[in-house]
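Subject: Structure handover

Hello,

Here is the structure I said I would pass on. Please look through it first, then read the notes below.

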Amino acid sequence: MSYTCDNFPELKNDVIIRAAWGEKTEYVPVWAMRQAGRYLPEFKEVRAKHSFFEVCQTPSLACEVTLQPIRRFALDAAIIFSDILVIPQALGMTVEMVPEKGPTFPDPLRKAEDLEKLNKNVNVNDALSYVFEAITLTRHKLEGKVPLIGFSGAPWTLMFYMIEGGSSSTASKAKKWLYTLPEASVELLEILEHVIVNYLVAQVKAGAQLLQLFESHAGILGPDLFFKYALPCIRRIAENVRAKLKEQKLQNVPMIIFAKDAHFALRQLSQSGYEVVSLDWTIDPLTGREQTESHVSLQGNLDPCALYASKDEIEIYVKTMLKKFGTHRYIANLGHGMYPDFQPDHLGAFVDAVHKHSKLMNKPE
């Protein structure tokens, strides 16, 4: 059967979309970053037969993995199974997923001249067609049950990996570029920004109904470097995605910005053109409300490690979180992603507690 972007099934649950736009909702919608993946036994079965990037690059497999948590839990959104590092791959870099180590670049960017190795004129529609095919297939397979979220890494976070060659607690190699090679750094960030805009627009064209931009290494920059290099890219991405969606007569979808550890930039992030600002778990929800503009919705921010607790304790943590955030302009989530050793049913307890207690809070007295 051939799946196209035409005639998607009618959406039956639009609560997360309404919450993102700031509309009143019957209850607080909830999803979890990395909900499709490594903590699920059915995902491990897929991975036993296929490499990580093989799953990403095979639309039927990416679709299957995206749907796995939706079958198990009463989540209010699916997020397409992919990886932020498909963009460096599209630019011509080799990325390997090494067990116990994570993403690794055998040949990272080391000097300004290395930018010439990048495929700067990459055709996103061709290079990342497998992502768009997976999105379209998944939209049909979801049968309108919940909306589908598309995503991308933000320029600084991608630059981080492309120069560091993998994870780093200091980002010293990537930050050295910012201090010693400012022109090359701006050039790289602009290359990435251009690709990201086209990538996100193409995801909407393929069927994504919300978009999230992950600036996963925001905090390591500190205020000065973040405001100088990262935030302008974040702003322009929102602005240019909107413009291209309008130009191509595509649906305007809510956009979420998640800048991990950027406590110093909450006000600025809420002014950067996104409907939703996602908070990590180190930010008090009350502080998050105080420091962000009233026209944006918030997302987050239960400490992921709280899912190690008992189900009864998870329910207590959720109640406390909901009281602080309130039930309007709010999407419940973890403050980062799911961990590999989580018990799947503890995510179910989190989801059910959000629904149960937000409905009680919304009941007329």
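**Strand E4 and its sheet**

Six of the six residues of strand E4 (residues 148-153) are buried, so E4 is largely enclosed by the rest of the structure. Buried means under 20% relative accessible area, exposed over 50%, and partly exposed in between, with a 1.4 Å probe and protein chains only. Helices (H or I, at least four residues) and strands (E, at least two) are DSSP runs, numbered from the N terminus.

Before going on, note that this is a predicted model, where local features need pLDDT of at least 70 and side-chain atom pairs count only at pLDDT 80 or more, while totals for chains, interfaces and linings use all residues. Residues are numbered from 1 along each chain as its sequence is written, and side-chain values use heavy atoms, with hydrogens and water left out.

In a regular strand the side chains alternate between the two faces of the sheet. Both faces of E4 are covered: Leu148, Gly150 and Ser152 are buried on one side, and Ile149, Phe151 and Gly153 on the other.

E4 belongs to an open sheet of seven strands with parallel pairing, in the order E1-E4-E5-E6-E7-E8-E9. Strands E1 (78-79) and E9 (330-334) stand at the edges with a single partner strand each, so one side of each has no neighbour in the sheet. Two strands pair if DSSP finds at least two bridges between them. E1 and E4 pair in the parallel sense over two bridges, with Ile79 opposite Ile149. Five bridges join E4 to the parallel strand E5 (residues 210-215), and here Gly153 stands opposite Phe214.

Asn333 lies in strand E9 and counts as buried because its relative accessibility is 0%. A polar atom of the Asn333 side chain lies 3.1 Å from the backbone nitrogen of Met33. Contact means heavy atoms within 4.5 Å. Leaving aside neighbours within four places in sequence, Asn333 is in contact with residues including Trp31, Met33, Gln299 and Phe350.

Pro254 is in the loop between helix H11 (222-247) and strand E6 (255-259). With 1% relative accessibility, Pro254 counts as buried too.

**Helix H7**

Helix H7 (residues 129-142) has 14 residues and reaches 20 Å from first C-alpha to last, close to the 20 Å expected at 1.5 Å a residue. The expected span is 1.5 Å times one less than the number of residues. Eleven of the 14 residues of H7 are buried, so H7 is largely enclosed by the rest of the structure. Just after H7, Glu143 takes a positive phi of about 55°.

**The nonpolar core**

The largest nonpolar core has 139 residues, and those with the most contacts inside it are Leu128, Met162, Leu188, Phe226 and Phe350. Such a core is a set of buried Ala, Val, Leu, Ile, Met, Phe, Trp, Tyr and Cys residues joined through side-chain atoms within 4.5 Å. Helix H10 (residues 182-206) gives the largest share of this core, 14 residues. Leu188 touches, among others, Leu109, Met162 and Trp177.

Regards

Technical notes
A polar contact is a pair of N or O atoms within 3.5 Å; within protein, one must be able to donate a hydrogen and the other to accept it, and residues adjacent in sequence count only if both atoms are side-chain atoms.
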